[in-house]
Amino acid sequence: MTTLALFTGLHRKRMWRIGLIVAGGICGTAGVCHGQQAKGGKPAVQKDNGIRKLRPADVAGLPPEFVEKLNARGCSIPQFGEVGPGPDKADRPTTGSEPANEAAGKPANVIHGEFARRGQEDWAVLCSKGGSSTIVIFWGKTTACPASLARLEDAHYLKRGKDKKVRYSRSIRALRESDLGDRAGISGLKSFSHQGIDDRFVGKSSAFFYCSEGKWKIFPAKDSSSE
């Protein structure tokens, strides 16, 4: 009986220790999962070489199917503003040439408009991947014009302002004919019936892209105006 009691006691003690190990493993795993969830719940602002970038899923109003496609391409969306360490946007003054949506606190470089034909809603997003950004277009209906254009290095758009601070300064916007003024060559279009995409190096230059007859036509200009 004594031997049996001793064996039973040792067995219970051993099982108790095993229980602690298993419980610790479960808690450890739960802790990791919780940590990952908490991390995923933070504001989705990423930084790449100091440039602020948003994840497509965190842009309000962007259709889910486009979010999925951008994620599949590995896209993030670069935002106009200061690069490197510095104050948050709320703590810094605007520059005067800041894109209107960014100045209003809305995500930059996500636009929609009639880029193929009047009455058709299309979207355009500046997709950054591997140090370069491309304008990616999501057509509302099948369109002959290519669905991506103007792939350029992000570093090209870093500009030092009068305040000596460096900013990422690429910005896209939707424009109509009435917004273009006397831009060189624009009068050569036979039919200007819908919007185009203005790709700006804010405060320096811009290229207006217009989808016509299955091709993107380009109209460059100097950009020195304020929004």
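## A tour of the disulfides and salt bridges

Start by selecting cysteine 145 and cysteine 211: they form a disulfide, with their sulfur atoms 2.0 Å apart. A disulfide here is a pair of cysteine sulfur atoms within 2.5 Å.

Before moving on, note that this is a predicted model, where local features need pLDDT of at least 70 and side-chain atom pairs count only at pLDDT 80 or more, while totals for chains, interfaces and linings use all residues. Residues are numbered from 1 along each chain as its sequence is written, and side-chain values use heavy atoms, with hydrogens and water left out.

**Stop 1: cysteine 145 and cysteine 211**

Look along the S-S bond. The torsion is about 100 degrees, so this disulfide is right-handed. Cysteine 145 lies in the loop between strand 7 (132-138) and strand 8 (148-153), and cysteine 211 lies in strand 13 (residues 205-212), so the pair ties together parts that are 66 residues apart in sequence. Strands (E, at least two residues) and helices (H or I, at least four) are DSSP runs, numbered from the N terminus.

Now show the surface. Cysteine 145 is buried, with a relative accessible area of 2%. Cysteine 211 counts as buried too, at 5% relative accessibility. Buried means under 20% relative accessible area, exposed over 50%, and partly exposed in between (1.4 Å probe, protein chains only).

**Stop 2: cysteine 75 and cysteine 127**

How many disulfides does a search of the whole structure find? It finds 2. For another, select cysteine 75 and cysteine 127, whose sulfur atoms are 2.0 Å apart. With -80 degrees about the S-S bond, this link is left-handed. Cysteine 75 sits in the loop between helix 2 (64-73) and strand 3 (77-78), and cysteine 127 in strand 6 (residues 122-129), so the pair ties together parts that are 52 residues apart in sequence. Cysteine 75 is buried at 8% relative accessibility. Cysteine 127 is buried at 6%. Count the bonded cysteines in sequence order and the pairing reads 1-2, 3-4.

**Stop 3: glutamate 82**

Switch to charged side chains. Side chains of opposite charge can pair when their charged atoms come close. A salt bridge is a side-chain nitrogen of Lys or Arg within 4 Å of a carboxyl oxygen of Asp or Glu. The whole structure holds 10 salt bridges.

Select glutamate 82, in strand 4 (residues 81-82). Is glutamate 82 buried or exposed? At 13% relative accessibility, glutamate 82 counts as buried. Its side chain meets lysine 165 in a salt bridge (3.8 Å, N to O). Lysine 165 is partly exposed, with a relative accessible area of 33%.

Together with Glu82 and Lys165, they are linked in a network of salt bridges. Then pick glycine 161: its C-alpha atom is 9.8 Å from that of glutamate 82, although the two are 79 residues apart along the chain.

**Stop 4: strand 12**

Select arginine 170 and aspartate 199, which meet in a salt bridge (2.8 Å, N to O). Arginine 170 lies in strand 11 (residues 170-175) and aspartate 199 in strand 12 (residues 196-201), so the pair ties together parts that are 29 residues apart in sequence. Both residues are buried.

Finish with aspartate 198 and arginine 183, a salt bridge at 3.4 Å, N to O. Aspartate 198 lies in strand 12 and arginine 183 in the loop between strand 11 and strand 12, so this pair ties together parts that are 15 residues apart in sequence. Aspartate 198 is buried, with a relative accessible area of 0%. Arginine 183 is buried at 12%.
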